[in-house]
Amino acid sequence: MKPLWTLIKLYVNSIFRFQVMRYSKDGRERRNAIMSLAAIVLIVVVYGGMSGVLTAQMLSAGVDASIPFLLVGTMGSLFALAMAFAQGSATLSDFADFDTLMGMPIKTSTIVLARFAAMYLAEMVYSVAYVLPCGVVYAVMRHPVWWFYPTFMLLFLLLPVAPVVLGSGADLLLSVAFAKSKYKKGVTSTIKMIVLMAFIIFAYLLPQISESFLSAPQRTASRIARIYPPVQWFASGASGSFPLSALFIAASAAVCVLFLLLLNKTFLPLHDRLTAGYHVKDYRLGALKSSGTLKALFTIERKRFFSSTAWVINTIIGAVLIVVFGVVGVALSKTLIPVLNAASMTGIAPTVITGILILCATISPTTACAISMEGKQSWITKTLPVPAKDWLNAKLLMNLLLVGPALLIAITLLSIAYRSMLNAVDVLGIVLMPIAAMLFTTVFGLYVNAAMPRLDWETDTEVVKQSGAVLILVLVGLGLTAASVLPALLSGLRWLTPVIAAAVLAASGVTYGYLMKNAEQIRGKL
Amino acid sequence: MLEIRNLVKSYGNGPRAVDGLTLSVDAGDIYGFIGHNGAGKTTTLKCISGILPFDGGEILVDGIDVRKDPMAAKRIMRYIPDNPDLYTFLTGEGYLNFLCDIYGIGESERRERIRKYAAAFEIESKLGDLVGSYSHGMCQKLALIGALIQQPKLLMLDEPFVGLDPKASHTLKGIMRELVEKGCAIFFSTHVLEVAEKLCNKIAIIKNGKLIASGPMDEVRGDNTLEELFLELTDA
């Protein structure tokens with residue numbers, strides 16, 4: 001048990017960086033680690049608050065106790081499934097210290113178990129955020145019998161197990177299937193992207209689902225139960241059904257044990273297959289094209305970006321959603337415009353369009369982890385005769401070229417489709433505000449990452465999903481969206497949006513100026 | 001070619017990793033830099049190459065102050081770390097082409113140089129593969145090719161022979177001699193004293209961040225072998 005516990009502690013430390021917080025003599029590094037943890041806690045608190053409020057509303061409305069458990073159980077399971085699908089193969093097989101660990105006198109089964117436990121613990125964050133507050137609110141409002149508490153704790157702890165198994169298993173299969181392809185990263189990223197899009201569309205539908213939970217709870221519950229029965233067992237178990245509690249516990253344990261046995265048996269060949277890579281037969285050096293410094297640096301940035309599935313999935317989603325929103329918005333315009341006109345709500349259209357575009361454009365800029373993604377390769381750019389300004393500009397360009405075209409397409413489509421409802425000031429707001437917000441989060445993302453770089457990562461997931469800079473930018477994006485559209489919405493003064501856009505543009509300019517002025521210093525401090 | 005004057009470098013509030021180091025490397029020198037683990041060799045090399053800022057002293061590369069004009073200094077020198085982490089997401093060819101773009105090497109010239117050194121290190125057929133699939137030794141070879149195609153005036157290598165197969169080590173020694181004949185200066189750290197003894201015309205020994213011996217190999221070594229001298233000085 002001791003090696004297992006040691007490894008789990010090692011991975012938990014790697015994710016949450018407790019030792020850095022406690023022992024690092026580098027104040028900056030310590031601050032970064034504390035900020036990262038604080039950002040995770042903040043996100044848990046925000047989601048937890050939402051879950052608690054929703055549960056309280058449902059229970060007050062007199063719905064069956066299993067319904068809120070079903071809703072939060074679905075959310076927690078879906079998030080765990082999506083996250084495990086995004087990082088399963090990198091965490092379970094293709095990880096950086098594989099050789100070191102396999103060379104130690106540690107049983108393969110211990111390593112497998114420790115890696116699985118590390119992933120499970122990381123996914124538990126979502127369960128803690130969604131499920132725990134629901135249980136607490138239920139306990140406060142319904143005063144259940146004493147055995148609810150131990151049963152709920154057990155169900156709560158086991159909730160992410162099956163989704164983690166399913167998600168990581170699917171990712172492993174996908175990675176194995178394309179392991180020897182030249183376009184391995186591109187193909188797997190695209191497939192993951194499509195799956196994630198489906199997940200996000202489902203998540204967007206959740207408000208409607210929660211409404212239907214209130215209006216027709218049993219019908220909605222049975223629909224979800226048909227898709228994923230364990231969540232129904234979990235919900236019924238948490239709200240008092242002992243047989244279904246036992247069924248959920250037994251099923252989760254069985255799935256987990258079977259998966260771990262299979263993984264243990266295939267661990268070495270799996271790693272071998274995943275790391276084999278693509279090899280060219282009969283390679284001959286052909287013509288080599290030259291390019292300027294900035295273009296060369298941008299090429300490196302582009303290739304680095306597309307080589308990281310986690311980075312692509314985490315950031316390209318905004319651009320994809322912008323295009324989807326633009327196209328869907330145009331498709332629905334003939335239906336929506338008469339409805340909004342009839343309800344005398346034409347004033348709300350520019351705010352909604354602007355708000356959604358800003359939210360998508362700022363959801364996760366590539367720049368928030370662009371410096372951290374250099375990792376142990378940062379020595380290369382530090383030793384090259386490359387102006388640090390070009391180095392930073394290449395990183396800024398990556399996000400702008402990813403989000404900018406999507407934004408321009410959506411702005412053009414929506415401005416034309418809804419022109420009958422928009423005046424010149426509205427159009428100015430729709431054009432300026434999302435672009436200003438994109439520019440600001442692009443430069444501010446790089447600014448935050450420069451202040452909180454993390455180069456000592458083992459898997460890219462640590463910086464793409466769990467680093468302080470990325471989590472801060474998620475909150476900045478949400479805050480900027482609210483600050484951009486709420487003043488005009490609440491006051492009815494439509495000209496406020498272009499004014500705010502001008503202020504955001506100015507802030508972007510100041511931040512960019514700071515980055516350029518201190519570029520050499522930023523690179524030197526890495 | 002390389003002038004280090006009274007170099008001082010500490011990490012945080014810790015003791016000085018490099019403490020008042022002064023030495024000079026001339027064009028045509030193969031200068032060996034030896035010392036025990038943690039003596040300050042890598043720190044010194046990183047300070048010269050611009051990876052680490054330093055607390056005091058001066059470093060001049062071909063008369064250019066690396067602090068005042070780092071870009072100009074970096075254009076004429078190249079550093080290869082002991083364990084080079086290269087861009088795993090590029091092919092070998094892509095990595096070398098990137099370096100050629102940065103150093104402004106023309107299209108026909110780069111092809112010729114890449115061919116020459118890739119053939120010398122016998123990795124020509126592997127240049128189409130992703131660097132992520134390379135072994136440690138192949139990464140080392142690719143990093144060396146990346147440095148050599150630039151034709152630097154000052155080449156700095158941290159433990160260059162670690163990870164190389166005997167033939168590649170032999171090739172590298174030949175290339176090092178060829179480069180210094182053309183006026184390049186080579187400054188490299190090593191723990192392999194036999195290699196240093198046979199290859200270097202000058203040597204410096206560092207202990208706890210301080211230079212304890214330096215100069216032409218024959219003068220520093222005297223009647224001893226380099227190993228005897230090293231043990232005598234570092235055990236004292």
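User: Which residue stands opposite Arg5(B) in strand 4 of chain B?

Analyst: Arg5(B) has Glu58(B) opposite it in strand 4 of chain B. Strands here are DSSP runs (E, at least two residues) and helices are DSSP runs (H or I, at least four), numbered from the N terminus. This is a predicted model, in which local features need pLDDT of at least 70 and side-chain atom pairs count only at pLDDT 80 or more, while totals for chains, interfaces and linings use all residues. Residues are numbered from 1 along each chain as its sequence is written, chains are lettered from A and ligands numbered from 1 in the order in which they are written, and side-chain values use heavy atoms, with hydrogens and water left out.

User: How many bridges join strand 1 and strand 4 of chain B?

Analyst: Strand 1 (residues 2–10) and strand 4 (residues 56–61) of chain B pair in the antiparallel sense over five bridges. Two strands are said to pair if DSSP finds at least two bridges between them.

User: What is the strand order in that open sheet of chain B?

Analyst: The order is 2-1-4-5, with four strands in antiparallel pairing. Strand 2 (16–25) and strand 5 (64–65) of chain B are at the edges with a single partner strand each, so one side of each has no neighbour in the sheet.

User: Now strand 8 of chain B. How many of its residues are buried?

Analyst: Five of the five residues of strand 8 (residues 185–189) of chain B are buried, so the strand is largely enclosed by the rest of the structure. Buried means under 20% relative accessible area, exposed over 50%, and partly exposed in between (1.4 Å probe, protein chains only).

User: Which way do they point?

Analyst: Ala185(B), Phe187(B) and Ser189(B) point one way from strand 8 of chain B, and Ile186(B) and Phe188(B) point the other way. In a regular strand, side chains alternate between the two faces of the sheet.

User: Which strands pair with strand 8 of chain B?

Analyst: Strand 3 (residues 30–35) of chain B pairs with strand 8 of chain B in the parallel sense over four bridges, and there Gly32(B) stands opposite Phe188(B). Strand 7 (residues 154–158) of chain B also pairs with strand 8 of chain B in the parallel sense, over five bridges. Met156(B) has Phe187(B) as its bridge partner in strand 8 of chain B.

User: Changing topic: how many residues of chain A and chain B are in the contact?

Analyst: Chain A gives 33 residues and chain B gives 37 residues, where contact means heavy atoms within 4.5 Å. The two chains bury about 3,300 Å² between them, 62% of it on carbon and sulfur atoms. Buried area is the accessible area (1.4 Å probe) that two parts lose on being put together, summed over both.

User: What about salt bridges across the interface?

Analyst: The rule finds zero salt bridges between chain A and chain B; such a bridge is a side-chain nitrogen of Lys or Arg within 4 Å of a carboxyl oxygen of Asp or Glu.

User: Which helices of chain A supply residues to the side that touches chain B?

Analyst: Helix 14 (293–307), helix 17 (378–383) and helix 23 (519–524) of chain A each supply at least two residues. The largest share, seven residues, comes from helix 14 of chain A.

User: Last one: is Ser51(A) buried or exposed?

Analyst: Ser51(A) is buried, with a relative accessible area of 5%, and lies in helix 3 (residues 27–60) of chain A. Ser51(A) and Tyr130(A) are 79 residues apart in sequence and 5.5 Å apart in space, C-alpha to C-alpha.
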